[in-house]
Amino acid sequence: MDALQALGTEIVFGLPGVHNLPLWEALGETGIKLVGVRHEQTAGYAADGYARATGKLGVAMVTTGPGAANTLGAVGEAMASAAPVLVIATDIPSTLRRPGVVRGVLHETSDQQAMFAPVTKGGFTVRAPDQIGTTVHRAARLAQLPQSGPVYLGVPTDYLRETVPHRRPPAPHRKPDVDVPDLARAEAMLSDARHPLIWAGGGALRSGAGSAIGELAEKLAAPVITTFGARGLLPLDHPCLAPNPVHTPEVGELWDEADVVLAVGTDFDGLMTQNWRMPKPPQLIAVNVDADDAAKNYRPDLTLVGDARSIVERLLPKQRPGLDDVTLRLAGIGRRVRQRIRDEEPQAYDLLSTLDEVLPTDAVIVADMCVAGYWVGGFHRVRAPRKLAYPMGWGTLGYGFPASLGAAAAGTGRAVCITGDGGFLYGCGDLATLAQEQLPVTVVLVDDGGYGMLRYDQDREGLPHRGVDWDSPDFVGLARSFGVHADRVSGFGRAFRRLLGEFVESDEPNVLVVRARLKPPLNTSPRWYRT
């Protein structure tokens with residue numbers, strides 16, 4: 001706990017177990033806030049939501065064996081979305097461990113650290129009591145080092161009762177600024193481009209490169225397309241910000257006609273590129289902390305390795321004309337995209353319009369893997385960095401509600417969770433946490449009586465509905481039974497707009513249940529337009 005305090009940790013999300021109770025004792029003697037949750041997966045998701053809302057380290061503290069294993073889905077999402085999360089898990093007593101033998105000790109796993117290997121940046125298991133503090137520092141720094149991601153830390157439970165001398169934390173190792181070759185070549189390629197385009201990913205947002213990218217885009221008169229992980233990178237009124245998403249043909253035209261693409265902090269994953277059906281541009285310049293990551297899907301013609309903000313700030317191509325033309329064109333594309341939404345799914349248009357109008361300026365939207373979440377993740381106009389958390393890294397259903405607890409605990413604005421009935425049921429027990437902590441969360445729970453996206457898939461194939469329909473519980477009664485204010489409406493019309501406006505202005509947590517069925521948007525794979 002001393003090590004966590006030294007790292008600036010403000011909040012820990014956790015669940016007690018017989019092996020980790022000494023950690024709870026120690027936390028009580030610190031200024032770190034402990035948010036106790038009702039499932040270990042919630043601890044992982046909440047730490048992720050906190051990390052995305054703040055850019056700081058999210059910490060989940062769980063017990064041995066099944067307690068640790070329960071976090072794996074959440075940790076996998078943090079890994080795929082580069083969220084800096086530290087999972088601290090106890091392990092069985094070192095005195096009872098025999099190498100290569102599973103003896104049947106309570107909660108024993110043959111190799112708990114190995115269980116986390118596929119879904120973490122790295123892992124540590126403490127080998128002696130006096131190594132706990134230094135190992136916490138090493139693990140936390142690895143989690144935050146670009147590219148950030150989750151890290152596992154295991155501590156045999158018997159070590160937690162040992163008395164050890166205080167050790168000074170290791171001094172942070174600062175990487176020296178490195179020379180970036182080929183800057184001049186990149187500048188020339190951008191200056192000579194007829195139709196330059198900037199594609200900004202999550203790495204650009206995490207590095208704080210928004211202002212630099214905005215200035216460069218204006219100089220180049222280049223549209224900027226943002227990925228799911230980079231929503232909010234540029235202000236909504238920036239003259240070069242393209243409407244999202246690129247999954248609409250109107251925005252996809254910008255990619256198709258670009259002769260030089262500057263890709264900043266992205267790996268061009270399948271979800272953004274329609275499984276790489278987008279053609280490789282004639283010339284591609286990649287800015288990335290990892291050259292291999294930059295080249296794994298589209299091979300760049302030029303790779304600039306280093307911090308996104310630092311490199312973009314150093315790019316000084318020639319000033320190009322045409323900024324006003326680009327701005328006018330992007331405004332026209334925005335009108336066409338909005339008209340497409342209104343024509344294809346009026347209810348989604350109403351949802352998006354209401355969110356635009358009634359959300360507080362500092363609100364953080366946390367979307368789940370549900371049809372309403374896909375509309376919000378794809379089309380919502382995000383006002384600032386870190387104001388949208390969307391689980392399109394790994395695509396984990398059930399992310400929205402528990403991650404919103406972490407986002408709300410961060411204190412950066414009211415969390416508005418957009419979830420479906422199926423995803424909400426994954427973690428509805430943590431309504432108890434919501435009530436206990438009185439977190440500023442508004443849950444918009446879209447109840448369509450089943451798994452709407454999967455129902456759509458079956459309908460497209462002419463298949464009978466199997467496993468996708470149910471009679472929903474009384475979600476309003478469920479929330480109220482935990483002491484959380486709740487109400488219901490049908491559809492996303494005037495009643496929804498009025499109630500949501502009231503709910504997001506409240507100081508208390510609340511749940512708004514919306515009975516509605518939405519058609520999936522173009523950014524869902526069954527509706528991708530590229531073939």
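User: What makes the radius of gyration of the protein chain agree with a compact globule?

Analyst: The radius of gyration is taken over C-alpha atoms, and the globule rule is 2.2 Å times the number of residues to the power 0.38. With 531 residues, that rule gives a value near 24 Å, and the protein chain has 24 Å, so the two agree. Along the principal axes, the C-alpha atoms fill a box of roughly 70 × 60 × 45 Å. Please keep in mind that this is a predicted model, where local features need pLDDT of at least 70, side-chain atom pairs count only at pLDDT 80 or more, and totals for chains, interfaces and linings use all residues. Residues are numbered from 1 along each chain as its sequence is written, and side-chain values use heavy atoms, with hydrogens and water left out.

User: How do you know that the side chains of Glu108 and Arg97 meet in a salt bridge?

Analyst: A salt bridge is a side-chain nitrogen of Lys or Arg within 4 Å of a carboxyl oxygen of Asp or Glu. For Glu108 and Arg97 the N to O distance is 3.7 Å, so the pair meets that definition. Both residues lie in the loop between strand S4 (85–91) and helix H6 (112–116), so the pair ties together parts that are 11 residues apart in sequence. Helices (H or I, at least four residues) and strands (E, at least two) are DSSP runs, numbered from the N terminus.

User: What makes Arg161 and Glu25 a salt bridge, and where are the two residues?

Analyst: Their closest N and O atoms are 3.3 Å apart. The pair links distant parts of the chain, 136 residues apart: Arg161 is in the loop between S6 and helix H8 (183–192), and Glu25 is in helix H2 (residues 21–27). Arg161 counts as exposed because its relative accessibility is 57%, while Glu25, at 47%, is partly exposed.

User: What can you tell me about Glu77 and Arg52?

Analyst: These two also form a salt bridge, with the closest N and O atoms 2.9 Å apart. Glu77 lies in helix H5 (residues 72–80) and Arg52 in helix H3 (residues 40–54), so the pair ties together parts that are 25 residues apart in sequence. Glu77 and Arg52 are both buried. By this rule the count of salt bridges comes to 25, and Glu250, Arg340, Glu344 and Arg527 are linked in a network of them.

User: Which omega goes with the cis peptide bond between Asn244 and Pro245?

Analyst: Omega is about 5° there. Pro245 belongs to the loop between strand S8 (224–226) and helix H11 (249–257). The bond from Pro146 to Gln147 is also cis, with omega near -10°.

Note on methods:
Buried < 20%, exposed > 50% of the residue type's maximum accessible area, 1.4 Å probe, protein only.
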